[in-house]
Amino acid sequence: MVRTVGGREVESFALEVVPSTSCPVCANPGIPVTHLVMRAALPREFHREFAREGFLFCPTPSCPLAYFDNAESAYVHKDELRVLVGRKTAGPSAPVCYCLRVTEGQVMEEVAVKGCCRTMDEVAAATGALLGKACHIVNPSGKCCGDEVREAILKALRTAGFSDDAPEVLKLLEEDVDHCRSHCGLGEAD
Ligand SMILES: [Zn+2]
C-alpha cells in the first residue's frame with residue numbers, strides 16, 4: 001500500500017520487490033520528468049513540496065498512479081493533478097494534446113465523422129494538435145503528445161471501419177511519434 005500526496009491509499013507491490021525506477025502499483029518502468037512538468041501538472045498547494053526533480057511518470061493506462069518517487073516515498077494519484085492524464089482517461093474528453101487542449105473527441109470527429117484526416121499532419125492542421133510549443137512541459141508524461149495523437153487517430157480509423165492491415169493504418173504506424181519536435185524547434189539536429 002502506498003499513500004499519495006492527497007491522502008489516497010493505493011494497493012501496491014512491496015517496495016522491496018520493485019526496482020526504484022518502476023511504479024510500485026503496476027511494476028512498469030517510469031519515465032523521469034522534470035520539476036517543470038510537475039509544476040504544470042500539480043495544483044498550486046503541492047508546488048512547494050513536490051514540484052521538484054526526482055519523480056517518474058507511470059505510463060500504464062490502467063494504473064491510477066501518475067507520479068512516483070520511491071526514494072522519497074512520494075506518490076501522486078492521477079486524480080490529484082490539475083489535468084486529466086490522456087492515456088489514463090477513457091472517452092471523448094481524454095486530452096490528446098495539451099498545448100492547445102485537443103481531445104480524443106475532436107480527433108474522432110475529424111477522422112471518423114467528417115472523414116477528412118488520416119495522417120498526423122492532417123489532424124494537426126484540422127485540430128491544432130502538435131502545433132503548440134510546450135508539449136514537453138504541459139503533457140503530464142513530459143513527452144511530446146505524438147503518442148497520444150497517433151493512438152487517437154488509430155482508434156478513430158478503427159471506428160471508421162479501417163482494418164489493422166489497411167494502408168492508412170500501416171502508414172500511421174510508421175509515423176514519428178516525436179512529431180512535434182520539428183514544429184517546436186526541438187529537433188535533435190544541432
Ligand atoms: Zn503504475
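Two strands count as paired if DSSP finds at least two bridges between them. Helices (H or I, at least four residues) and strands (E, at least two) are DSSP runs, numbered from the N terminus.

This is a predicted model, in which local features need pLDDT of at least 70 and side-chain atom pairs count only at pLDDT 80 or more, while totals for chains, interfaces and linings use all residues. Residues are numbered from 1 along each chain as its sequence is written.

**Exercise 1.** Describe the overall dimensions and make-up of the protein.

Solution. 
- Step 1: count the elements. The protein has 8 helices and 8 strands.
- Step 2: take the extent. The C-alpha trace spans about 50 × 35 × 30 Å along its principal axes.
- Step 3: A compact globule of 190 residues would have a radius near 16 Å, and the protein has 17 Å, which agrees.
- Step 4: look at burial. A residue is buried if 20 or more other C-beta atoms lie within 10 Å of its own, exposed if 12 or fewer, and partly exposed in between, with C-beta atoms placed from the backbone. Buried residues make up 39% of the 190 residues.

**Exercise 2.** Trace the sheet that contains β5.

Solution. 
- Step 1: find the strand order. The open sheet has 4 strands in the order β3-β4-β5-β6, with antiparallel pairing. β3 (31-32) and β6 stand at the edges with a single partner strand each, so one side of each has no neighbour in the sheet.
- Step 2: pair β5 with β4. Strand β4 (residues 56-57) joins β5 over 2 bridges in the antiparallel sense, and Phe-57 stands opposite Tyr-67 in β5.
- Step 3: pair β5 with β6. Strand β6 (residues 74-77) is antiparallel to β5 over 4 bridges. Phe-68 stands opposite Tyr-75 in β6, and Asp-69 has Ala-74 of β6 as its bridge partner.
- Step 4: inspect the turn. The hairpin of β5 and β6 has 4 residues between the strands, and Ser-73 takes a positive phi near 50°.
- Step 5: check burial. In β5 (residues 65-69), 4 of the 5 residues are buried.

**Exercise 3.** Locate the two domains and characterise their contact.

Solution. 
- Step 1: read the bounds, which come from an automatic or database domain assignment. The assignment gives domain 1 (2-80) and domain 2 (86-184).
- Step 2: count the contact residues, where contact means C-beta atoms, placed from the backbone, within 7 Å. Domain 1 supplies 12 residues and domain 2 supplies 8.
- Step 3: find the main contributor. Helix α1 (residues 35-41) gives the most to the side of domain 1 that touches domain 2, with 4 residues.

**Exercise 4.** Examine helix α6 and what follows.

Solution. 
- Step 1: compare spans. Helix α6 (residues 146-159) has 14 residues and reaches 20 Å from its first C-alpha to its last, close to the 20 Å expected at 1.5 Å a residue; the expected span is 1.5 Å times one less than the number of residues.
- Step 2: list burial. The buried residues of α6 include Val-149, Ile-153 and Leu-157.
- Step 3: look past the end. Gly-161 follows α6 and has a positive phi, near 100°.

Methods: Contact = placed C-beta atoms within 7 Å. Rg over C-alpha atoms; globule rule 2.2 N^0.38 Å.
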